[in-house]
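Here is a short walk through a structure. Keep the sequence beside you as you read.

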Amino acid sequence: MENNLPREFSDFQGGILEIRSRLAAGKRGLRAEPGPDQAEERLKQGLPWLEAETLNPDGDFLEMAFQEILAMVKKHGAAGEEELQRLEELRQGGRIELAELVRKIAAGNAEYFKKTSAATGLAPEILVFFAENLARIFLSAQAEGLPGKYSSAWLRGYCPVCGNEPRMAKLERQQGKRVLACSLCDTLWVFRRVECPYCGNSNPRDLRFFQVKGESPYRVDVCEKCKRYIKTVDERKIEGEAILRTEDLATIYLDEIARKEGYR
Amino acid sequence: MTEKAIFIDTSKCIGCRACQVACKQWWGLPAELPAENVAGSVQFQYKFSGSYQNPGDLSHQTWNLVRFKEEAGSDGKMKWFFTPDRCRHCKNPPCQEGCPVPGVIVKDESGGVYYNVEKCGDCAKQCAEYCPFGIPKFDGDIRRAFKCRFCIDRVHEGKTPACVKTCPPGAIQFGDKTEMMDKAQARLAVIQTDNPEANIYPGFDYNNFWLLLYAPEKYSLAQADFTRKEKARLAAARTSRKPFTVAGFFKPLTYLGMLGGLGLAFFRRVDAGKNPEGKIDRHGK
Ligand SMILES: [Zn+2]
Ligand SMILES: [Zn+2]
């Protein structure tokens with residue numbers, strides 16, 4: 001059950017990860033507000049460090065990143081030629097702007113993607129895919145400068161850097177602390193073990209988890225109150241560090257099961 | 001000890017492989033089968049008997065390998081590219097990060113990175129996966145990892161590494177890192193007039209660097225890829241068994257939107273300013 005990633009999918013996603021990692025390491029053309037000096041103060045107030053609407057990625061850098069991702073999509077045939085052609089036309093016509101995609105995805109503005117999709121005829125998946133991966137390059141480079149990262153000071157259900165939801169969790173090797181990973185910027189932060197990060201429910205009666213195999217390092221925590229789920233990898237049951245963005249990709253079979261079970 | 005570095009001046013390399021032989025002799029490593037006989041060799045690209053590159057890749061028995069590559073130039077003439085390939089001796093070695101046993105992987109004061117073979121043991125080969133250049137190689141029989149050791153014992157005795165000592169044209173140089181950097185810079189300035197693509201590879205954050213006349217890929221030198229461990233993880237999760245449980249997964253669109261699209265239904269973010277108390281509108285958006 002675990003080993004079921006189609007080869008094309010894993011090759012494609014591996015290529016995308018490489019692009020993200022390399023471009024984020026360059027830290028070029030990345031601008032955001034407020035500055036790192038204000039991060040601590042904002043976190044104290046329960047606000048994520050960055051304000052999504054102020055993200056101002058350098059145009060040339062974005063274009064370069066877009067072209068690299070696009071080349072990878074084409075190489076693996078991960079999107080139809082017609083869709084990509086349409087995207088190019090919309091970009092040329094100024095109806096889709098990369099920096100805007102980055103801001104809207106960082107702001108978690110689902111409405112924007114639905115509307116843009118309806119207005120342009122472009123599948124929302126295409127828009128979200130490019131938006132997410134561009135934003136990730138930009139945000140994960142920012143996240144490194146966060147004070148108190150991985151500490152117990154935050155303890156909220158959303159990312160201290162960009163304010164987005166977690167996508168996956170791990171129980172870390174040393175003390176078994178529950179660590180969440182941001183769905184957008186890969187930032188890690190500590191969270192309470194018995195609480196749903198999505199709705200704040202901490203009643204143990206509504207919180208359960210299921211596992212596919214008894215010995216598996218993976219489990220899926222579910223909340224009966226909001227019907228959300230989050231995949232978790234127990235680092236004490238694997239060798240080495242769990243890199244959650246990769247674990248997330250490697251365990252999409254668990255998403256399938258969770259959704260079949262009625263969680264989302 | 002002051003920090004040392006190995007500087008490989010590719011403009012002086014004649015491809016004689018004396019460094020490769022010297023490395024094997026000093027460390028008592030056996031010769032290997034020709035490239036065409038090495039299973040899974042990706043470097044073998046010559047049809048005629050005996051590749052110039054031998055063996056096909058670095059291995060647990062070959063820690064220093066002269067890579068050869070032939071390519072047609074713009075004038076249509078065949079051109080040879082060659083240079084020795086080995087560990088770059090990173091400033092903060094990612095392989096060390098990947099090793100579960102403390103003390104196996106050492107970043108020495110000399111700048112060299114070496115593996116304590118006695119402590120190295122049965123593990124998940126993460127050093128190899130964490131290395132952005134794919135340098136460490138595993139001996140499947142004794143389940144231990146090997147790579148260039150910076151000739152650490154020689155260096156501590158005030159000698160130069162075996163490959164440096166033997167290199168006939170003096171292409172491989174060794175000394176204080178600052179001195180080597182100065183040499184590389186000065187040489188680059190001279191070379192660049194005739195070779196605009198000349199570059200320092202992979203950079204000065206390493207204790208082994210090259211002066212290359214052309215881009216690294218011309219020499220089959222790997223570009224740093226810090227996601228190799230992640231790719232290995234994804235590769236381990238895949239199968240050739242076709243049907244994935246998600247209906248329509250293989251349609252290009254869903255395929256691309258597999259994860260991005262999932263988020264669309266419920267992605268939500270805390271809006272700055274709207275939550276002065278830091279309380280999140282749990283059911284908002
Ligand atoms: Zn985030
Ligand atoms: Zn919940």
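The model is a predicted one.

Start with helix α1 of chain A, residues 7-26. This helix has 20 residues. From its first C-alpha to its last, α1(A) reaches 29 Å, close to the 28 Å expected at 1.5 Å a residue. Is α1(A) mostly covered or mostly uncovered? It is mostly covered, with 14 of its 20 residues buried.

Now bring in helix α3 of chain A, residues 59-75. The axes of α1(A) and α3(A) come within 9 Å. They cross at roughly 165°. That angle is over 145°, so α1(A) is roughly antiparallel to α3(A). The crossing of α1(A) past α3(A) is right-handed.

Which residues meet where these two helices touch? From α1(A) come F12(A), G15(A), I16(A), I19(A), R22(A) and L23(A). From α3(A) come F61(A), M64(A), A65(A), E68(A), I69(A), M72(A) and V73(A). The residues of this contact divide into 10 nonpolar, one polar and two charged.

F113(A) has its place in helix α6 of chain A, residues 110-120. Is F113(A) buried or exposed? It is buried, because its relative accessible area is 0%, and buried means under 20%.

Next, look at a loop. A153(A) lies between α7 (124-143) and β2 (166-171) of chain A. A153(A) has a relative accessible area of 72%. The cut-off for exposed is over 50%, so A153(A) is exposed. Follow the chain to F191(A), which is 38 residues apart from A153(A). The C-alpha atoms of A153(A) and F191(A) are separated by 9.4 Å.

Stay in chain A for another loop. K227(A) lies between β6 (218-223) and β7 (229-234). Its phi is positive, about 65°, although K227(A) is not a glycine. K227(A) is partly exposed, with a relative accessible area of 33%.

Chain B has a residue with a positive phi too. H89(B) is not a glycine, and its phi is near 55°. Where is H89(B) found? It is in the loop between β3 (78-85) and α2 (94-98) of chain B. H89(B) is buried, with a relative accessible area of 0%.

Another backbone detail of chain B is a cis peptide bond. It joins Y201(B) and P202(B), and omega is about -15°. P202(B) is found in the loop between β9 (199-201) and β10 (208-212) of chain B.

Finish at Q20(B). This residue lies in helix α1 of chain B, residues 18-27. Q20(B) is buried, with a relative accessible area of 6%. What is Q20(B) in contact with, leaving aside its neighbours within four places in sequence? Its contacts are N54(B), P55(B), N64(B), L65(B) and V66(B).

How values were computed:
Residues numbered from 1 in each chain as written. Chains lettered and ligands numbered in written order. Predicted model: local features only at pLDDT ≥ 70, side-chain atom pairs only at ≥ 80, totals over all residues. Heavy atoms only, no water. Axes fitted to C-alpha atoms, helices over the stretch in contact; angles between N-to-C directions. Helix = DSSP H or I, 4+ residues; strand = E, 2+ residues; numbered from the N terminus. Parallel < 35°, antiparallel > 145°, perpendicular 65-115°, else oblique. Left-handed = near helix turned anticlockwise from the far one by under 90°. Contact = heavy atoms within 4.5 Å. Nonpolar A, V, L, I, M, F, W, Y, C, P; charged D, E, K, R; others polar. Expected span 1.5 Å × (residues − 1). Buried < 20%, exposed > 50% of the residue type's maximum accessible area, 1.4 Å probe, protein only.
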